[in-house]
Amino acid sequence: MSTTDFFSVVLNQRAHREFAAAPVDDATVETVLRAATHAPSAENKQPWEFVVVRDPAVQTKIHDLTEAAWNANGRAFSETRLTPELLKEVDEGIAGGGYRTAPVLVVVCADLERGLPATVGSSIFPCVQNLLLAAGALGLGSALTTLGAAAGAPLAALLGLPDHVVPQAIVPLGHPVRPLGPPRREPVAEHTHRDRYGTAW
Ligand SMILES: Cc1cc2nc3c(=O)[nH]c(=O)nc-3n(C[C@H](O)[C@H](O)[C@H](O)COP(=O)(O)O)c2cc1C
């Protein structure tokens with residue numbers, strides 16, 4: 001991959017919440033997960049466990065748990081925090097079937113017996129980011145979502161997780177249903193300081 005390709009993937013990464021019907025095979029999922037597992041992790045404990053969900057019944061239940069969390073308090077909490085545009089995107093993703101439209105859901109979990117509580121999140125999310133970028137490099141859409149992962153006991157029961165394996169993120173993977181425009185990001189100079197906080201870059 002050239003430098004240009006790398007930056008093109010990174011700078012065009014977006015959260016995809018709806019997917020086309022085209023399938024994603026196991027070899028592709030494995031390629032993406034291999035990239036995920038090449039992330040750094042504290043003490044190199046690699047505390048990730050992935051549950052790859054293709055079963056439509058399980059996907060529907062995960063979608064239902066997420067939708068219930070959004071409707072119960074997630075939306076009210078987010079209403080004043082998200083831009084109207086982002087709120088609309090999340091609303092449409094959930095109403096449009098979200099997780100149910102993805103050919104694959106990857107539930108990324110943390111094994112709390114391998115990772116220390118203080119660092120396990122810092123180890124899992126680089127892994128998730130690698131997963132998202134690898135998906136983008138292969139032309140797939142994906143999204144880092146945590147709303148559904150917070151469902152707790154019902155999700156753990158659905159996936160048969162032992163107590164020490166805790167969901168951290170649910171990443172839908174699939175072919176984008178449409179291109180999403182460019183990411184909305186603030187300029188680097190607005191959040192970069194030279195030598196001392198407050199001195200302009
Ligand atoms: C920690 C974290 C949690 C997130 N949780 C959700 C989520 O539960 N549902 C969702 O639709 N998007 C979720 N997102 C995606 C963000 O909304 C998205 O990355 C952000 O709005 C930027 O949008 P873009 O990636 O399309 O440019 C999450 C992102 C992060 C980093």
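This is a predicted model: local features need pLDDT of at least 70, side-chain atom pairs count only at pLDDT 80 or more; totals for chains, interfaces and linings use all residues.

Visitor: How many bridges join β2 to β4?
Guide: Eight bridges join β2 to β4. Within this pairing, C109 stands opposite P167, V106 stands opposite V171, and L105 has P172 as its bridge partner.

Visitor: And how many join the other pairs, β1 to β2 and β3 to β4?
Guide: Six bridges join β1 to β2, where V51 is partnered with V107. Two bridges join β3 to β4, and S142 stands opposite L173 there.

Visitor: Is β2 mostly covered or mostly open?
Guide: Mostly covered: seven of the eight residues of β2 are buried. Strand β4 is also mostly covered, with nine of its ten residues buried. A residue is buried if 20 or more other C-beta atoms lie within 10 Å of its own, exposed if 12 or fewer, and partly exposed in between, with C-beta atoms placed from the backbone.

Visitor: How many residues does the largest nonpolar core have?
Guide: The largest nonpolar core has 35 residues, and those with the most contacts inside it are L105, V108, L131 and V171. Such a core is a set of buried Ala, Val, Leu, Ile, Met, Phe, Trp, Tyr and Cys residues joined through C-beta atoms within 7 Å.

Visitor: Which elements contribute to it?
Guide: Two or more residues come from each of α2 (26–36), β1 (48–53), α3 (56–79), β2 (104–111), α5 (120–137) and β4 (165–174). Helix α5 gives the most, with eight residues.

Visitor: What does L105 touch?
Guide: Leaving aside residues up to four places away in sequence, L105 touches V53, Q59, I62, Y99, I170 and P172. Two residues are in contact if their C-beta atoms, placed from the backbone, lie within 7 Å.

Visitor: Let us turn to α2. Which of its residues are buried?
Guide: In α2, V29, V32 and A36 are buried. Seen down the axis of α2, the buried residues fall within an arc of 65 degrees, so they line one face of the helix. The arc is that of the directions from the helix axis to the C-beta atoms.

Visitor: What covers that face, and what is on the other one?
Guide: The cover over the buried residues of α2 includes β1, β2, α5 and β4. The face turned away from the buried side carries the exposed residues A27, E30 and R34.

Visitor: What surrounds the ligand?
Guide: The ligand is surrounded by R14, A15, R17, L86, V90, G93, A143, L144, T145, T146, L147 and P183. A residue counts as near a molecule if its C-beta atom, placed from the backbone, lies within 6 Å of it.

Visitor: How does that shell divide by class?
Guide: The shell has seven nonpolar, three polar and two charged residues. Here Ala, Val, Leu, Ile, Met, Phe, Trp, Tyr, Cys and Pro count as nonpolar, Asp, Glu, Lys and Arg as charged, and the others, Gly among them, as polar.

Visitor: Which residues have a positive phi although they are not glycine?
Guide: Q46 is one, with a phi of about 45 degrees, and D195 is another, with about 65 degrees. Q46 lies in the loop between α2 and β1, whereas D195 is in the segment after β4.

Visitor: Why is Q46 classed as partly exposed?
Guide: Q46 is partly exposed because 17 other C-beta atoms lie within 10 Å. D195 is exposed, with 5 such atoms within 10 Å.

Key: Residues are numbered from 1 along each chain as its sequence is written. Helices (H or I, at least four residues) and strands (E, at least two) are DSSP runs, numbered from the N terminus. Two strands pair if DSSP finds at least two bridges between them.
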